[in-house]
Amino acid sequence: MISTSSRIGAAVAAAVSVVALTVVLAPPASAATPLRDLAAAKGRYFGNAMTAGDFNDAGYRSLSAREAGVVTPGNEMKWDATEPNRGTFAFARGDQVVAGAVAAGQKVRGHTLVWHNQTPTWASNLSATELRSAMVNHITTVMGHYKGKVFAWDVVNEAFAENGTRRQSFWQQKLGDGFIADAFRAARAADPTAKLYYNDYNTDGVGAKSDGVYNMVKAFKQQGVPIDGVGLQAHLVVGQVPSTMQQNIQRLADLGVDVAVTELDIRMKTPSDSSKLAQQAQDYTKVVNACLAVTRCVGITTWGLSDNHSWIPGVFPGEGAALPFDNNLQPKPAYNAMSAAFGTGGPTTTTTTTTDPQPTGCTAAYRVTGQWQGGFQAEVEVSAGSTPVTGWTVTWSFVNGQSVSSSWNAVVTTSGGAVSARNADHNGSIAAGSSTTFGFVGTSGSTNSAPSPTCRAA
Ligand code: G3I
């Protein structure tokens, strides 16, 4: 019996008594297919930031409606917009963005509840006790208003300094380290259905600042602080996409949170020329591929969509041209590159799902997540059936001479083409109906068929 799947999903966990080998190649995408559809076919979303004013620009509005499945309000849900005076809430502009998004069949990401910028002085001047209570009231009221209309919130924005310690904002100075956890607890109570994100910039690759965020999220998960995701803003510079972006996304995902690229733009010195635009296209490809390579990277939002709707020239004089469309709303090489990466390229191309005819207590799904000349990266999702698993071993045989070079989240041994992967100390136990993932980097020739793994519970 053969089952077909282009992505590992819940259905994999449910599959039993099936021996399956599947190789699915996404159909070639035409450049005319909107990014929102290409991303959706990969189980991701593509979005862009829109201000309320942007909805009055008919051409831009329809470009966003066509390309983006998600909208983030550029300014309209920030504190200065939603609570300009204490206890007086103003939702008209935020509501305009929501209405515009709904009209275009788009979902809305909320941005942002607790930030040191665009927060009125009445708040930053409060005493610690008053500030804490104002923060909880703000979160409760704003999230309450948008309950059911906003699927994810940047609860706290930009709270880390470049060296990985907490930014010395008025929040930090008055409320101390606990304010972020307090904000997330208030957010969960305000709307238990919304995904709650911590969002920051210069945290896209591995480094001191992203280490700080990583350690905070790890501590939150250990302490039961409700956090669902990390937003990587990705305000990047042409030619400087961090080489560790995928690794950084993966390590956050391994903590059990989603990751989203939330404010992507890749700026250059202006004027642009064909070689800068070509480099920018490669850079956009890298970002899309880094996200597609990690199952829990849920989507990519660009901060604006065309170069005439960008914050960059106003803040970085002499720089700009950072977005996938130009000033005339025409697609740039960066757009075609994203289209190719989401549609035809990108690593999520092969999946095999196998179970043993004899129930073995677990199933394994093998997926190639990256492929390059001479090598590849793959992930294997190990799922428990209706009973919990306390240890597991996944085995398979490579048939095209592939080999494993390095692995994570499993103890891998090989003998010729035969591979055996046993659980690591931390991931042997899998609750009923749940799963865990391990991965590896390997060598391969031009043919890299996905093998059929067998899983056996201890
Ligand atoms: O609303 C006033 C208007 O009344 C006044 O006439 C005008 C004069 O300059 O300013 C208007 O406010 C501007 C506001 O955007 C709304 O347009 C502010 O000056 C301007 O500073 C503000 O910039 C925003 C910036 O955040 C503020 O930090 C950008 O539009 C917005 O795109 C940008 O977005 C941030 C994300 O929220 C967080 N990550 C970084 C990103 C880029 O800075």
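This is a predicted model: local features need pLDDT of at least 70, side-chain atom pairs count only at pLDDT 80 or more; totals for chains, interfaces and linings use all residues.

Colleague: What is the phi of Glu 158 near?

Modeller: Phi of Glu 158 is near 60°, a positive value in a residue other than glycine. Most residues other than glycine have a negative phi.

Colleague: And is Glu 158 buried or exposed?

Modeller: Glu 158 counts as buried, because its relative accessibility is 8% and the cut-off for buried is under 20%.

Colleague: Which other residue has a positive phi without being glycine?

Modeller: Leu 329 is one, with phi near 65°. Leu 329 sits in the loop between strand E10 (319-320) and H14. With a relative accessible area of 22%, Leu 329 is partly exposed.

Colleague: OK, zooming out. How many helices and strands are there in the chain?

Modeller: The chain has 14 helices and 19 strands. Of its 458 residues, 55% count as buried.

Colleague: Which residues have the most contacts inside the largest nonpolar core?

Modeller: Those are Trp 153, Val 156 and Phe 184, in a core of 93 residues. Helix H9 (residues 179-190) gives the most to this core, with 8 residues. In soluble globular proteins, nonpolar side chains tend to be buried together.

Colleague: What does Trp 153 touch?

Modeller: Leaving out residues up to four places away in sequence, Trp 153 touches several residues, including Met 77, His 111, Leu 113, Val 142 and Tyr 197. There is also a second, separate core, with 23 residues, among them Ala 378 and Phe 438.

Colleague: You mentioned His 111. What kind of peptide bond joins His 111 and Thr 112?

Modeller: A cis one, with omega about -5°. Thr 112 is in strand E3 (residues 107-114). The bond from Thr 270 to Pro 271 is also cis, with omega near 5°, and Pro 271 lies in the loop between strand E8 (258-269) and H12. Most peptide bonds are trans.

Colleague: New topic: helix packing. At what angle do H12 and H14 pack?

Modeller: Helix H12 (residues 274-292) and helix H14 (residues 333-343) pack at about 30°, with their axes 8 Å apart. That angle makes H12 roughly parallel to H14, since angles under 35 degrees count that way. H12 passes H14 in a right-handed crossing.

Colleague: Which residues make the contact?

Modeller: On H12 they include Leu 277, Tyr 284 and Val 288, and on H14 they include Ala 337, Met 338 and Phe 342. The contact residues of H12 with H14 divide into 11 nonpolar, 3 polar and no charged.

Colleague: How many residues of H14 are buried?

Modeller: H14 is mostly covered, with 8 of its 11 residues buried. These buried residues pack against helix H2 (35-41), strand E1 (45-50), helix H3 (58-67), H12 and strand E9 (297-302).

Colleague: And how do H11 and H12 cross?

Modeller: The axes of helix H11 (residues 245-253) and H12 come within 9 Å and cross at roughly 25°, so H11 is roughly parallel to H12. Their crossing is right-handed. Met 245, Gln 246 and Ile 249 of H11 make the contact with Val 287, Ala 290 and Cys 291 of H12.

Methods. Residues are numbered from 1 along each chain as its sequence is written. Side-chain values use heavy atoms; hydrogens and water are left out. Axes are lines fitted to C-alpha atoms, for helices over the stretch in contact, and angles run from 0 to 180 degrees between N-to-C directions. Helices (H or I, at least four residues) and strands (E, at least two) are DSSP runs, numbered from the N terminus. Angles under 35 degrees count as roughly parallel, over 145 as roughly antiparallel, 65 to 115 as roughly perpendicular and the rest as oblique. A crossing is left-handed if the near helix is turned anticlockwise from the far one by less than a right angle, and right-handed if clockwise. Contact means heavy atoms within 4.5 Å. Ala, Val, Leu, Ile, Met, Phe, Trp, Tyr, Cys and Pro count as nonpolar, Asp, Glu, Lys and Arg as charged, and the others, Gly among them, as polar. Buried means under 20% relative accessible area, exposed over 50%, partly exposed in between (1.4 Å probe, protein chains only). A nonpolar core is a set of buried Ala, Val, Leu, Ile, Met, Phe, Trp, Tyr and Cys residues joined through side-chain atoms within 4.5 Å.
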